[in-house]
Amino acid sequence: MLHDGPPYANGHIHIGHALNKILKDIIIKDKAMHGYRAEYVPGWDCHGLPIEHNVDKALGQKKHTMSKLEIRRECRKFAQQFVDIQRQEFIRLGVLGRWEDPYLTMNYGYESAIVGELSKIMRNGYVYKGKKPVYWCAHDATALAEAEVEYENHVSPSVYVRFRVKDDKGKLPAVLKDKNVYFVIWTTTPWTLPANLAITVHPDLEYVGFSVGENIYIVAQPLLAGLKENIDGWKQGEVAAAFQGHTLEGIIASHPFYSRDSLITLGDYVTTDIGTGCVHTAPGHGADDYQTGERYGLEVYSPVDKYGKFTKDVEFFGGKFVFDANKEIIEKLKENGALLKQQDYPHSYPHCWRCKKPVITRATEQWFISVEKHDLRKEALKAIDKVAWIPSWGKDRIQGMLETRPDWCISRQRVWGVPIPVFYCKQCGESIADPDVALHVSELFQEKGADIWFEKQADFFVPQGYHCPKCKGETFEKEENILDVWFDSGVSHAVVLKRTDGLTWPADLYLEGSDQHRGWFQSTLLTSITAGHGIPYRSVLTHGFVVDEKGRKMSKQVGNVVAPQEVIDKYGADVLRLWVSAEDFRGDVSVSKDILERLKEAYRKIRNTIKFILGNLYDFDPKKDRIDYKDMRAVDLYMLNKTTELVKRIDRAYQEYDFHVVYHMILDFCVVDLSSFYLDILKDRLYVSKSSSPARRAAQTVLYDILVSLVTMLAPVLSFTAEEAWKYIPGRQTESIFLTDQLQKAVFPEKDGIIYQDYERLRLIRNEVNKALEIQRANKTIGSSLEALVVVQAGKQDYGLLEKYKSTLTELFIVSQVELKEGADPLNVQIHKAQGEKCERCWNYSDSVGKDAQHPALCERCVEAIS
């Protein structure tokens, strides 16, 4: 089982750590435990994280004089520091793992394997270099993959802009001839208008020429009503003409502030959800725009540098940061009479996962993995049909993302990470992504680590006698970019599962937050298919995120943050683990002080149940003192049947990852079946019967079997408590509960359907008796229930049942005497003072008290017990 992120118990949840998403856990199901525990091979994805920012801060001005190699060494030390910190945090949480031998993506062997996997993907023809729009962080000056952006609320300046028709190519209706005709676009990125080269309409939508005063505005008919309400002066306008979108193709419009044409193009991606139905198209600043540009032969124009500033040749705005330029662009639109409306637009906008700043889309030369080559997209979509998705909606989520995802940009303009092992010919400039050369680099990394890339020149890595495949040149330069960190983590299935003794490929389970449908789950699937491995996981589980009891995100400003370490310090790690199991991880998980207080109380009930049972096994040796099931009382067999039933249900819940079901079933068993019923009625036998009597030993045998089952079922959740209790269980066969398969070997008696049904009904009758006792206790008729004589009048069926178990009814009701009467339904219970005297030893009332001269204060049963 593979997990990306910090695990808590056997259900997993993000709570937040110093380095985002740096834990990778390899988990292999232990077949002996049927999924009750898991073996973790912990690991950390140490590359490409915000470490460089932190190193910058730590080193201050020194960063300006550091070489790339020096930066990488500082990053490695910084990463190792947090590996050690988090190792201790996870151990304190009770996470089982090979903590002395984790896998780290910055280890030489892992770095080598990353390049080895890339060489396979190169060999299979998926890797190429191209100029395409990609997410770009201007603050970090690097490209980002879709998995590296986080969507946050953001307010953008939205504008409605008119583009005057310059040449209609004879395609507009005659009624619009010699009119001032405009296409109207709407955009929330005014800064991309300098790069506008086209306007895209939907071929199958109906468009109208809408007359407002002297002007005609072309917009999609379904959006006209909203536009009339939104744009000043449009309410009085009227439709002058209507036409299909495909008739507009090829018309030439004029750019609103440059002497440049804007071509009318067609695109199926145009929608009528919002806007005008006429989409501003800048091929260098959007994926759909780029595809349209390719079809129409438009330039991939992106006049923005790596720091997010317009290049010097951009008229009016050269050198301006793009977001700062929005205001000036809007002013230029006003100045030219092209602005119809401007308003703030709050929406969800992509932000960089490192620096949390808004990102832009910018066309640059990058390395990509093609999702169209060899029908990779189709193969990935076929693969997800063969995977079990938990919850089931996860399949629809990843399917939708795969259907629309662009090619994967795998290059990053960073220093800390695994270099891309490609070269450039100095003679002809050819980029060389040779799988054999990459494999050679992988072997060097295995011995010396990836830092050597920054120590040696290109000729060190290129095999002797190697020539440029294009011009036969013999001198080369190295690629300076590193691989996307999602590539690093995406190949962990191959690097770890296929190279670690005791692990098997594919993984039984991948688990992570729901955001990883576009992140780790995809990068893993795509790297596995492109490298020729196949489907890397059998099942994928996703969980929600931690929110407060009102469903709000954790925020220091709001004051609702609940820190894991504080919970552990106050309640212990097991209460934190219990909280994880108590919630349904499929949605967001709520936590607050009140919720934790309730769980503390639930934990106390479970722990006290275990303590009570252990306390009554102090003189029990399961090898010598066990009583055969056939010699037990019916109530003992009933409780073993209840335990067997619980074990089966818990086993099924664990197999289906229903940890909240496990929590509720075990708590209910401890409180209702044990504390309020069986343990309550058992006290008399345990405390009063002769210590070695068959009745007491039978009770201890049942308690022993229940305890072993209970503690074993609890172990994945209350790991510390289960391990502590295990050490006190007499006759345990292993040093640790996490090494036992005792639950699966336990042989309980086959379910006796008659006894089970009888006691289910007897428990309901007992409830009625308890109600009657409480009333008389409140009336001061009796104090303890042992002061009572219970008279039960029952209908024929219940009377027969009570007669069948008459000898055990005083134990069942915890009273001194019981009388039965047959009558009509419903059940009638009367409470009287018990007859006889109170026994000083067992506190039961009996006519036999005083009859033994040697022990005049004891009843007959107690006299026999102490003889």
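Predicted model: local features only at pLDDT ≥ 70, side-chain atom pairs only at ≥ 80, totals over all residues.
The expected span of a helix is 1.5 Å times one less than its number of residues. Helix α8 covers residues 393-404, twelve residues in total. From its first C-alpha to its last, α8 reaches 17 Å. That is close to the 16 Å expected at 1.5 Å a residue.

Helix α8 also has an inside and an outside. Its buried residues are Gly394, Ile398 and Leu402. Seen down the axis of α8, these buried residues fall within an arc of 60°, so they line one face of the helix. The face turned away from the buried side of α8 carries the exposed residues Asp396 and Thr404. What lies over the buried residues? The cover includes α7 (376-384), β20 (388-390) and α13 (520-530).

Thr530 counts as buried because its relative accessibility is 0%, and the cut-off for buried is under 20%. Leaving aside residues up to four places away in sequence, Thr530 touches Lys120, Ile121, Asn124, Tyr126, Ile369 and Leu376.

A pair of helices comes next. Two packed helices are described by the angle between their axes and the distance between the axes. Helix α14 spans residues 564-571, and helix α16 spans residues 593-615. Their axes come within 12 Å and cross at roughly 35°. The crossing of α14 past α16 is right-handed. On the α14 side, Val567, Lys570 and Tyr571 make the contact. On the α16 side, the contact is made by Lys593, Leu596, Glu597 and Lys600.

The cysteines were then examined for disulfides. A disulfide is a covalent bond between the sulfur atoms of two cysteines. The rule applied here asks for a pair of cysteine sulfur atoms within 2.5 Å. By this rule, the count is zero disulfides. Cys425 is buried, with a relative accessible area of 3%. Cys839 counts as buried, at 0% relative accessibility.

Asp140 lies in the loop between β7 (127-137) and β8 (142-144). With a relative accessible area of 6%, Asp140 is buried. Asp140 and Val359 are 219 residues apart along the chain, yet their C-alpha atoms are separated by 9.9 Å. Asp847 sits in the loop between β35 (845-846) and α26 (860-866). Is Asp847 buried or exposed? Asp847 is exposed, because its relative accessible area is 51% and the cut-off for exposed is over 50%. Asp847 and Ala834 are 13 residues apart in sequence and 9.8 Å apart in space, C-alpha to C-alpha. Beyond residues up to four places away in sequence, Asp847 touches Gln835 and Gly836.

Most residues other than glycine have a negative phi, and most peptide bonds are trans. The peptide bond from Trp505 to Pro506 is cis, with omega near 0°. Pro506 is found in the loop between α12 (492-497) and β27 (507-513). Another cis peptide bond joins Asp825 and Pro826, where omega is about 5°. Pro826 lies in the loop between β32 (817-822) and β33 (828-833).

Positive phi values occur as well. Phe316 is not a glycine, yet its phi is positive, at about 80°. This residue, Phe316, lies in the loop between α5 (287-296) and α6 (322-335). Phe316 is partly exposed, with a relative accessible area of 37%. Tyr657, also a residue other than glycine, has a positive phi near 60°. Tyr657 has its place in the loop between α18 (634-655) and α19 (659-688). Tyr657 is buried, with a relative accessible area of 9%.

Terms used
Residues numbered from 1 in each chain as written. Heavy atoms only, no water. Buried < 20%, exposed > 50% of the residue type's maximum accessible area, 1.4 Å probe, protein only. Helix = DSSP H or I, 4+ residues; strand = E, 2+ residues; numbered from the N terminus. Arc of directions from axis to C-beta. Contact = heavy atoms within 4.5 Å. Axes fitted to C-alpha atoms, helices over the stretch in contact; angles between N-to-C directions. Left-handed = near helix turned anticlockwise from the far one by under 90°.
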